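Work through the exercises below with the sequence and the structure at hand. Each task is followed by its solution in steps.

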Amino acid sequence: MRPFDYARAATSEDAARQAAEGATFIAGGTNLLDLMKLEVMAPSALVDINRLDLNQIEEADDGGLRIGALVTNSDLANDTRVRKHWPVLSRALLAGASGQLRNKATTGGNLLQRTRCLYFYDRATACNKRDPGSGCAARDGFNRILAVLGTSEHCIATHPSDMAVAMRALGAEVETLKQDGSTRRIPLGDLYLLPGDRPDRETVLEQGELIAAVTLPAPVEGRQIYRKVRDRASYAFALVSVAGIVAVSEGRITRANLAFGGLAPKPWRNAEVEDLLTGEASSDALFGKAADLLLAEAQGFGANDFKIPLARRTLVSVLRELSQEASA
Amino acid sequence: MTEHFKMDAPATDRRLDDMAQGLVGAPLDRPEGPLKVSGTATYADEWQVDGLAHGVLVRAPGNSGRVVLANRNAVARMDGVLAVIDDDRLLRNPAQGTANEAPIQGPHHAAYMGQLIAVVVAESFEQARHAAQSLEVTLEGGTLMPVDPTTAAVEPQESKNLDQGDLDAAMETAAHSVDAIYTTPSHSSTPMEPHASIATWEGDDLTLRGSYQMLKYNRNELADALGIHPDRVRILSPYVGGGFGSKLGLAPEAVAASIAAKQVGRPVSVALQRPQVFEATMRRSETSQRVRLAADAEGRLTGLGHDALVSNLPGETFAEPILQASHFLYAGANRRMSMDLARVHRLCAGSVRAPGEAVGVTALENAMDELAHEIGIDPVELRRRNIPEKDPESGKDYSSRRFREALDSGAEAFGWADRPGVKERREGEWLIGYGMASAARVNVLMESQARVTLLPDGRARVETDMTDIGTGTYAILGQIAGEMLGLPRDAVDVVLGDTALPPASGSGGSWGASSSGTSVYVACQAIRRQLAERLGGEEADLTLKDGSATFDNQTRPLAEILDGDEIVKLAHLQPGDTSDAVRQATFGAYFAEVAVHAASGETRVRRMHGSFAAGRILNAKTARSQCLGGMTFGIGMALTEELAFDPRDGHVANHNLAEYHIAVNADVPQLTVELLEERDDWANPMQAKGIGELGICGAAAAITNAIFNATGVRVRDYPATLDKVIAGM
C-alpha cells in the first residue's frame, strides 16, 4: 500500500469536490482496500464518505424506492419493502459475498467494484485495465470466470456484482451529484462502458461525480427470480446469473425483464431477447430461441467456453420456472 | 536415565485397557481450545518482541533467468527500509517433510514464478510491504520453461514399479474390466495461519518463533540453511494454525527472517502473504492415473494395474506416492504399477494431507465403481469380494483390518440399501444419487521422545517438542499420562513445541498421536514401576486413580508416596520389527448422497457418512474431528479445489481464498462418523493407529461415484465442476 492522504467528507458536495481534485471515494472499502494493499490501485488521497447522510431507503412518490448510496448490502437485502416488492434484488444481494462483507459493503460501492479477473490483481502480468497498453494476459490464460459477451480484444473482464444484475432487470437508475451541486440520473445500463480499446475506463462517471442513490421504479407485475450458478454453494462469483421478472397472462408472456451476470463486463440486458419473448406463449422452443438470440455474439476464450452452453441451460431453466410459477 | 523402547514384537498386554482413570478414548475437549477461540493463544507472528522489524518477501515474476533487482538501491533508501536482502542462503523452495537438511538454496535464478527471491526489511510492516512491492525484479536470459506435466520431460521412478504375474493377459481374458484414466489437479494446503516466523539472535544463538509441524527436523534444516550448528538454534511452535503438510519442512520465511535479523541486528518477523502461501509453499502434485481392473464373472479381481504420472521441480526427489494403498487394498494376482515424475517449473510439490492415498485411493475407488456398474453388482459387494486374505504382494498378514466391518456398518448407517438406480431419482430439477468408496491409509510409527515428570504434589508434566497443529496433541498426551498415572486430565500439564524439549516424531503422516503418545506411555510405565518399587511391589499390581495409588488393599495419595520427591522419566521410542513383519494400515468406507442440478450441473452434497477403523481411538472427539475434516477436504477435492496454473508461465493464477475454492460451510452438509472398536497389537503398545488423514483417503470418490449414480455422467477429471457434468448430460 502506498502512503495516501485521508480526509472525511463533511457534505456530499465536499466529497465531490475532494474527488474532483483527485481523491478516491471510500465507503465500505471491501474491494478498494484489497486493491490498495496489492497496489493495483494506489490513490494519493481517500475521501471517506461513510458519515454522509446517504444511508436511507425512502419510498418515492411514483411508488418506487430511493436507496441511498451508503445503504449496506445487508440492510438493503433485509428491507421489508425490498423483500416484498423487489424480491429479485434481495435474493441477488444475499447470493453475493458473505455475511461479513455484506454488512460492510454499500450500494454505491457494490456498483463500482472492480472486476475479479485474476490477472487484473496480479501486477506481474499484463492487464490493459490496470496498465493501459500492457496487453491482456487473461485472453490466453486462465479465464474460467471471464466474459463471453461484450468483450474486446483488449479486455475480457466481467463485472462481478450480483446486486447490479438485479437492479438492471428492475430498470434502476443511478442518481449522482457533482461538486457544484448539480445532479443527474443515469439508467444503470448506461452507467457502465464496454471495454473497447479503453478497458481502464469503466463508467461514464466524471472525476468527482458521486453516486448519491439508486432509484427503483414502482413494482411491476410478474414473478421474480435470481438464479446464480457458481462453483461452490457460497462465497463464489457467478459463472452465470440471471435476474428474471416474467409476467404471464392467459398463457402469453406479457413482460420479460432479464439481466445477466457473469457473462459480460457489465450487467447484461438484451432488449431484443425480451421483445422476442413478449407476447408469445411459453414453450421450450421459445426459450431456446431466446437463448440463441442472447448468445448469438458470444465468444469463449478456452477455459470459459462452457459459459455459453451454461448460460443457455440456465436461461431456459429460469424461464421455465418463471412462466410456470406465473401461470400457476 | 532414558527408557528405551523398540517396537519389535506385538504388544499383547493391553495395559491401557487395565487402567482405572478412564481418560483414554474419552471425547475430551482440547485444553487449548478456549485460548484459540478467544484469540489468546499466541501464534508465531503474534509475539510481542522488543525492537521488532518486519520483512516482506518478493516474488520472481517468471520461471527462469537470472534475477536482477533493478532498483534495489532506490528501494533501500525508501522510508523505513532497513535492508534489501537477496542472500545466497534464501531457500528456493521449502524442505520436504523429514528432510533434516536444507533444500535447494539460492535466490539468484528463478525456477518457478512466485519463488521468493528477496526480502525487504523495514521498521513497519506497511513500509516493508510497500518497499517490497516497489522492488523492480527482472529476469535476465530467461525463457519460458516447461510447466505442463503432460508434455514435459519425464523420469520413470523405477524403484516404485511393480510387475507381478501378467496383467495384460488378465485384462484380455477378464469377464469384466475397466481401463480408465483419472486426473486430479494440484491442491494447496493453505492453512488458516499463514507461514510466519520471528527470528531473534542473542549473539550466535537463534530463537525462531515459527509455525512448524516437525521441530527436530526443522531445527536441523534451519541450521543447515544458515550454516550454523543445530545447537545454536531453538524453534518455538506452541500453536500451529493448521499445517496439512505445508509446515512439515522448513519454509522460505524462516530462513529469510533469520538472515534478516542477523543483518539488521534486530528481531525480524516475516509472514507469507496469502498469495505467497499459494505460490511458494508446497502443492500436492497434479496426477494422471491409469487404473486397470480385470475381474471374473463374479467380480473377483484377477488383475489390478495403476500407473501414475506426477510432477515436481527439477532437483526435487519427492514424487506423490500415489500407489501406496493400491498395493494392499484389494486382491488380484496379476498386478502392475508404475510411477513417472515429470519435471516442471511450477512451485514445489510435496506433502499435502495424506500424500498418495488422498488422490490414489480416489482414482482406484472410481475405477471400482465403474467395475461394479459394468458387472451390475452392488459396489459395496464388489469391495467385499475383493478383500484379500493376506497382502496380495508380500503375502504378509494384516496387523488389524476391520475393513469389511466398516463397509457393512457404514452401509447400514447410511441406508445404502435404498440406493437408487442410475438416473432414477429426481426431485424437481435436482437429480439424486448415492455413491460410496473405501478408505485406506498406511500406518507408520516414528521415533519419538518425551519426558514425563510426576511432581511432588501429585501433578504431572509432559514435555516434548511435539507439535499440536490443531489435531489434539495437547489433549491426547494429557489423557495418556493421566490414564497411566491415575490423574484427572487437568492435573497433567502438557508442554509442547519447543526444540529445547525432548525431540518427538512431529505431526505428519498421521503418526503423531501414536508415536509421541507411545513415548509418553513408556515414560509413564517407568514412573509406575518406580512407584511400585517405592511401595515394595510389582507395577502390574498397582492401581492408580484420582491422584492415589492402591496397592495391597491400601490407598494412599501420590503426594504422600512421593514424600517431596519427583519422578522424572525420559522415554525414547523407536520403531522396530513390527513395522515390516506385517502390513499395517487403517481402513474405512464413505457413503455420500448428492443432488445434481439438471440444468446447471451444480452438485451439492446432501449428506455423507464415514465408518473408520484405526486401532484404539485415543480421544473420540479429536479423532472424529479429524475424520470430519478429512471428509470436508474430500468434498472440496471432489467438487471445487484446484490450483489453476497459467498455461504459459505456470504461476498459480487463483492464488487467494476467493478463487481457490475450498469447501465453505454451505458446501458441507451433515457429516456423520463412526469409529469402529479395534486394537492393533503390532502398531504400538497403545494398540492405536493414525487417524489424521484417513478421512480424506478416497472421500472424493464417494461423491463423484454419487454424481454418476445421479446423472450417468462419469467425471474422471477432478474437480467435478459443473462444466464437466453438463458436458456429459
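**Exercise 1.** State how much area is buried between chain B and chain A, and what share carbon and sulfur atoms give.

Solution. In this predicted model, the area buried between chain B and chain A is about 2,900 Å². Carbon and sulfur atoms give 54% of that area. Next, take the residues: 36 residues of chain A are in contact with 36 residues of chain B.

**Exercise 2.** Find the salt bridges across the interface of chain B and chain A, then describe the side of chain B that touches chain A.

Solution. The rule finds 3 salt bridges across this interface. One of them can be checked against the cut-off, which is a nitrogen–oxygen distance within 4 Å. Arg59(B) and Asp122(A) have their closest N and O atoms 2.6 Å apart, and they form a salt bridge. On the side of chain B that touches chain A, helix H4 (125–134) and helix H18 (722–727) each supply at least two residues. By class, that side has 16 nonpolar, 10 polar and 10 charged residues.

**Exercise 3.** Describe the second largest pocket by its volume and its lining.

Solution. Start with the volume: the pocket holds about 860 Å³ of space. Its lining consists of 36 residues, and those nearest the centre are Pro185(B), Glu642(B), Leu643(B), Ala644(B) and Phe645(B). The elements of chain B that give two or more residues to the lining are strands E9 (176–184), E16 (287–295) and E17 (301–312), together with H18. Sorted by class, the lining has 15 nonpolar, 10 polar and 11 charged residues.

Terms used:
Residues are numbered from 1 along each chain as its sequence is written. Chains are lettered from A and ligands numbered from 1 in the order in which they are written. This is a predicted model: local features need pLDDT of at least 70, side-chain atom pairs count only at pLDDT 80 or more; totals for chains, interfaces and linings use all residues. Side-chain values use heavy atoms; hydrogens and water are left out. Contact means heavy atoms within 4.5 Å. Buried area is the accessible area (1.4 Å probe) that two parts lose on being put together, summed over both. A salt bridge is a side-chain nitrogen of Lys or Arg within 4 Å of a carboxyl oxygen of Asp or Glu. Helices (H or I, at least four residues) and strands (E, at least two) are DSSP runs, numbered from the N terminus. Ala, Val, Leu, Ile, Met, Phe, Trp, Tyr, Cys and Pro count as nonpolar, Asp, Glu, Lys and Arg as charged, and the others, Gly among them, as polar. On a 1 Å grid over the protein atoms alone, a cavity is a set of points where a 1.4 Å probe fits but cannot get out, and a pocket is an open set with protein on both sides within 12 Å along at least five of seven lines; lining residues have an atom within 4 Å of a point. Grid points are joined across faces, edges and corners, and a volume is the space filled by probe spheres set on the points.
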